[in-house]
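Thanks for asking me to look this one over. Here are my notes, point by point, to read alongside the coordinates.

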Amino acid sequence: RADTIFVLSFSPKTKDTLLFSIPRDTRVMIPDRGMDKINHAFAFGGIELLEETIEQFIGLTIHYYGVIDFEGFQYLIDALGGIDINVEKDMYYVDYAGSLKINLHSGQQTLDGEKALEYVRFRFDELGDLGRIQRQQNLINAVVDKVMNFESMVKLPNIINNLTEYIDTNMNTNEIISLARIMKDIDRNEVWVETIQGEPRYIDRVSYLVVDSQEVKKRVQYLIDNKQRGLRVEVLNGNQVPGIAHYVAKKMGEFGYDVV
């Protein structure tokens, strides 16, 4: 099953960049399989079925894919010389049956591949999988920042060539390097990162994240078409109605404005 699912939408012409995170417990229609968790699509039919499932779910065509396992993830982080992350709290968890041990202390630090994997796999607190997704997004931001510096860019072709035994992708080496060079010019503050929203619910004693698929499609298309996305606004309450500024700010955030 797919442990983590991200969809990147990128326009080389306008440099508009959106990163959608799809929680693995999201309940979706899997072609020829029925309603199930989206990460099961990978177990049922590999990347082809997962790709088809995602396309139907969010309403976008997937042109390229990349599948990387835990070992490859650790290699990538180590090849980049580690990743600088501010670990927000102490994280400790042991699962002997699943061969998983997590032991991290809070604070700013450089994580090697093994520790970075612990960071993105931890989900044993009140936020559960949603907290884990936030940490994955933090790490992706850190990885992109590291890849975009000059030293890493020089190393990139060699790193990618060595990654071939760990990663399954329909992009060739030149395409990956070209994409990295184009994205080097993107303002990191302009990248829109969003997690698909839903309601946690038990169905037949199985935990799911239940979503409105039509609303998901509308939301994804809205963000891609939205010209207000990233514009900075300040919302002030001038009419003495308690809470109205918070309400308006929340709505404007949903519309894509950066409410400061």
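1. N226 is buried, with a relative accessible area of 6%; here buried means under 20% relative accessible area, exposed over 50%, and partly exposed in between, with a 1.4 Å probe and protein chains only. This residue sits in the loop between α7 (213–225) and β14 (232–233). Helices (H or I, at least four residues) and strands (E, at least two) are DSSP runs, numbered from the N terminus. Once neighbours within four places in sequence are set aside, N226 is in contact with F255 and G256, where contact means heavy atoms within 4.5 Å. N239 is 13 residues from N226 along the chain, and 29 Å separates their C-alpha atoms.

2. A word on what you are looking at. This is a predicted model, in which local features need pLDDT of at least 70 and side-chain atom pairs count only at pLDDT 80 or more, while totals for chains, interfaces and linings use all residues. Residues are numbered from 1 along each chain as its sequence is written, and side-chain values use heavy atoms, with hydrogens and water left out.

3. Now the overall fold. The chain has eight helices and 15 strands. Along the principal axes, the C-alpha atoms fill a box of roughly 60 × 50 × 40 Å. Of contacts between residues at least 6 apart in sequence, 59% join residues at least 24 apart.

4. Of the 260 residues, 38% count as buried. The chain exposes about 15200 Å², and carbon and sulfur atoms supply 50% of that area; accessible areas come from the Shrake-Rupley method with a 1.4 Å probe, and for residues only the protein chains shown count as cover. There are 29 positive and 39 negative side chains, with the centres of the two sets 3 Å apart. For this count Lys and Arg are positive and Asp and Glu negative, leaving out His and the chain ends, and a charge is placed at NZ of Lys, CZ of Arg, CG of Asp or CD of Glu.

5. How many aromatic pairs are there? The count comes to three, taking rings of Phe, Tyr and Trp (its six-membered ring) as paired if their centres lie within 6.5 Å, with planes under 30 degrees apart stacked, over 60 edge-to-face and the rest tilted. Y75 and Y166 form a stacked pair, since their ring centres are 5.3 Å apart and their planes are at 25°. This pair links distant parts of the chain: Y75 is in helix α2 (residues 70–79) and Y166 in the loop between α5 (150–163) and β10 (167–169), 91 residues apart. Y166 is buried, with a relative accessible area of 18%.

6. Y93 and F124 are also worth a look. Their ring centres lie 3.4 Å apart and their planes are at 5°, so the pair is stacked. Y93 belongs to strand β7 (residues 91–95) and F124 to the loop between α3 (113–121) and α4 (128–147), so the pair ties together parts that are 31 residues apart in sequence. Y93 is partly exposed at a relative accessible area of 25%, and F124 is partly exposed at 34%. Ring pairs link Y93, F122 and F124 into a cluster.

7. D32 has phi near 65°, a positive value in a residue other than glycine; D32 lies in the loop between β3 (27–30) and β4 (34–37) and is exposed, with a relative accessible area of 85%. D204 has phi near 55°, again positive in a residue other than glycine. D204 is in the loop between β12 and β13 (206–210) and is exposed, at 72%.

8. P200 is in strand β12 (residues 199–203) and is exposed, with a relative accessible area of 62%. Beyond its neighbours within four places in sequence, P200 is in contact with Y208 and L209. N189, in the loop between α6 (173–183) and β11 (192–195), is exposed at 70%.
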